[in-house]
Amino acid sequence: MSVPPASPARQTRSALALWGERAVELLIRLSGVSAVLFVFGIFLFVFIEGAPLITDLDWSKAIFSPDWYPTSRENVRYGVGAMIIGTLSVTGLAMVIAVPFGLGAAFFVSEFCSGTLRETLKVVIELLAAIPSIVWGFIGLSVVNHLIQRFLPAPVGLNLLNAALLLALMSVPIIVSIGEDALKAVPDSYREAALALGATRWQIAWRVLLPAARNGLLAAVLLGVGRAIGETMAVLMATGHAVNIPTSLFDPIRTLTATIAAELGETAVGSPHYRMLFLIGLMLFTITFAVNLLADLAVRGVRRQ
Amino acid sequence: MADLDPNRPDRSPAADADRPSPPNAPTSRHLNPPPPAPLAPSITARALNLWYAGFQALHDVTVDIQHGLITSLIGPSGCGKTTLLRCLNRVNERYGYVTTRGEIRILGKNIYDPDVSLIELRKSVGMVFQRPNPLPISVYENVVFGLRIHKERAELTRANLDEAVEKALTEVGLWNDLKDRLGQKATGLQLEQQQKLCIARLLPLKPQVILMDEPCSALDVEGTRAIEELMFALKGHYTILIVTHNMAQARRVSDECIFMLMGKIIEHRRTEELFLNPRHPKTAEYIEGRYG
């Protein structure tokens with residue numbers, strides 16, 4: 001490419017500025033790519049640690065059997081069926097509580113309040129998201145535990161319901177903030193159109209915003225689900241941590257995450273038990289990956305409209 | 001209200017009794033016979049003042065809009081024409097910082113009375129927006145949206161709704177194009193069809209007034225022509241008020257024309273008179289294109 005000779009009057013940039021810019025660009029590029037590297041690296045690490053057991057394991061038994069006896073002397077059994085059911089039931093119950101609350105709050109913050117109230121609510125909800133999960137665990141252990149024992153016909157307070165309540169409270173902030181974003185992304189012209197036709201705020205919310213923001217709201221719920229599935233500390237403290245297929249709200253359960261947290265420190269590196277825990281990690285990885293992928297697809301669906 | 005004086009001496013040229021038709025008046029009203037002499041104005045505003053927070057956007061607007069005619073609102077950007085339009089169904093008020101003083105009577109009822117139901121008001125005063133804004137639901141549901149939110153569930157039989165959809169879409173000339181695609185999402189239609197649909201969805205509610213806020217500004221020439229023809233077809237049944245930046249359009253479509261400037265009504269007369277023989281020098285300069 002032929003470049004016309006620069007006129008002498010024009011200032012050129014110093015070599016430092018030029019190289020500085022390139023360096024900054026490289027740095028930014030690296031930090032962008034690093035996210036991919038880390039995700040990949042973590043997956044690889046978990047996979048490699050668990051891999052030797054993959055072929056040795058009777059998978060149908062491992063996934064469906066509720067018998068988890070990793071340290072038995074005579075008959076070691078690695079059945080995670082009860083934990084899968086535990087994780088799914090506590091997540092499901094948490095969502096039953098969190099979705100109506102979260103979406104309701106998202107609608108309230110986005111459509112039904114304004115000014116200081118809205119700003120205050122948003123700050124407080126974000127604070128709720130910032131509470132460390134160990135603190136939620138405390139609350140489950142010392143507050144919800146006693147409340148359940150006192151007011152509900154439950155023999156123990158550390159159970160499915162307790163953990164689901166905590167998980168619900170932990171997922172609500174995510175559902176609210178993502179859901180509110182989804183509602184905010186609905187073009188104002190839709191609201192105005194419905195308003196000019198004489199719709200009330202309720203009718204606008206129900207008949208216009210809900211269909212218009214459907215995908216974004218779905219993504220909010222799915223990210224809430226992802227949060228609940230991956231949560232460890234609070235459920236470890238609040239579920240009762242008993243390998244048990246729950247038959248009622250008041251049964252103690254155990255989740256996949258809590259099992260890893262509780263047992264990994266007790267196993268010998270490289271032992272089958274150790275590898276099994278990594279395989280559980282792989283399962284969790286797969287579940288959360290699927291959920292996040294779904295959420296992402298849902299959000300993309302919004303953009304395509 | 002202290003500033004409410006219906007007999008203000010200035011600026012009420014609305015109902016000029018004499019209307020000699022100039023010989024070379026635009027002959028665009030060929031679709032309908034000339035409307036009969038109006039019995040009463042359909043909309044009357046008296047001493048209407050409006051503030052957006054501290055900024056006064058309307059100053060003492062007093063005007064009579066004739067029933068069954070098309071009235072256009074013209075004027076440079078920021079002159080308050082859209083604001084005036086949005087007062088008539090009170091959608092201005094969705095922003096909390098709007099203060100309105102004065103009176104607007106639509107079919108004899110002051111819409112700023114405390115007992116007025118906004119829902120009923122907006123049912124009888126429909127609005128078409130600058131950008132076509134069909135709702136992100138099916139064509140069918142767009143048309144019956146008004147019925148769904150205003151009628152009892154018992155009245156919403158399938159047959160009633162189907163009939164309303166066919167009637168409304170026929171009236172705006174979309175039925176033949178869309179009758180096989182009623183389940184399609186309305187936001188995927190062509191812009192012109194979207195805008196017609198936005199007009200069609202007002203009709204099942206049987207509005208008395210249709211407000212149009214630059215309804216053709218997002219459309220091409222063909223779309224504009226189609227909407228204008230639709231306006232002629234609707235004239236007589238509805239009082240139509242159209243805000244437009246396009247003076248040629250005001251001249252083509254409207255029976256009466258209101259020229260606004262800085263939140264005030266400068267001139268309001270029969271369209272052909274306003275364009276051929278403006279009384280106010282500001283009007284003359286504007287329609288000559290000296291500013292705006």
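In this predicted model, strand E3 (residues 70-74) of chain B pairs with strand E8 (residues 239-243) of chain B. The two strands run in the parallel sense, over 4 bridges. Within this pairing, Leu73(B) stands opposite Val243(B) of E8(B). E3(B) is also joined to strand E9 (residues 256-261) of chain B. This second pairing is parallel too, and 4 bridges hold it. Here Ile74(B) has Phe259(B) of E9(B) as its bridge partner. Strands of a sheet pair through backbone hydrogen bonds, either parallel or antiparallel.

Ile70(B), Ser72(B) and Ile74(B) point one way from the strand. Thr71(B) and Leu73(B) point the other way. Residues on both sides are buried. In a regular strand the side chains alternate between the two faces of the sheet.

A separate arrangement is found in the open sheet of chain B. This sheet has 4 strands, in the order E2-E1-E4-E5. Its pairing is antiparallel. Strand E2 (55-66) and strand E5 (109-110) of chain B are the edge strands. Each of them pairs on one side only. E5(B) is joined to strand E4 (residues 98-106) of chain B by 2 bridges, and the two run antiparallel. Ile106(B) has Lys109(B) of E5(B) as its bridge partner.

Chain B as a whole contains 10 helices and 10 strands. It has 292 residues, of which 47% count as buried. Among contacts in chain B with a separation of 6 or more, 72% link residues 24 or more positions apart.

The largest nonpolar core has 144 residues. The residues with the most contacts inside this core are Ala164(A), Leu166(A), Leu167(A), Ile175(A) and Leu211(B). Helix H6 (residues 160-184) of chain A gives the most to the core, with 17 residues. Another core, of 13 residues, lies apart from the largest one. Its members include Trp68(A), Leu277(A), Leu279(A) and Ile280(A). In soluble globular proteins, nonpolar side chains tend to be buried together.

The two chains also meet at an interface. There, 18 residues of chain B are in contact with 18 residues of chain A. On the chain B side, helix H2 (118-124) and helix H3 (139-150) are the elements that give two or more residues. The largest share, 4 residues, comes from H3(B). By type, this side divides into 9 nonpolar, 5 polar and 4 charged residues.

Over residues 1-31 of chain B, however, pLDDT stays under 50. The model has 39 contacts beyond four places in sequence for this stretch. Where pLDDT is low, the predicted coordinates should not be read in detail. For the model, ipTM is 0.80 and pTM is 0.80.

Technical notes
Residues numbered from 1 in each chain as written. Chains lettered and ligands numbered in written order. Predicted model: local features only at pLDDT ≥ 70, side-chain atom pairs only at ≥ 80, totals over all residues. pLDDT = per-residue confidence, 0-100. Contact = placed C-beta atoms within 7 Å. Nonpolar A, V, L, I, M, F, W, Y, C, P; charged D, E, K, R; others polar. Buried ≥ 20, exposed ≤ 12 C-beta atoms within 10 Å, placed from the backbone. Core = buried A, V, L, I, M, F, W, Y, C linked by C-beta atoms within 7 Å. Pairing = 2+ DSSP bridges.
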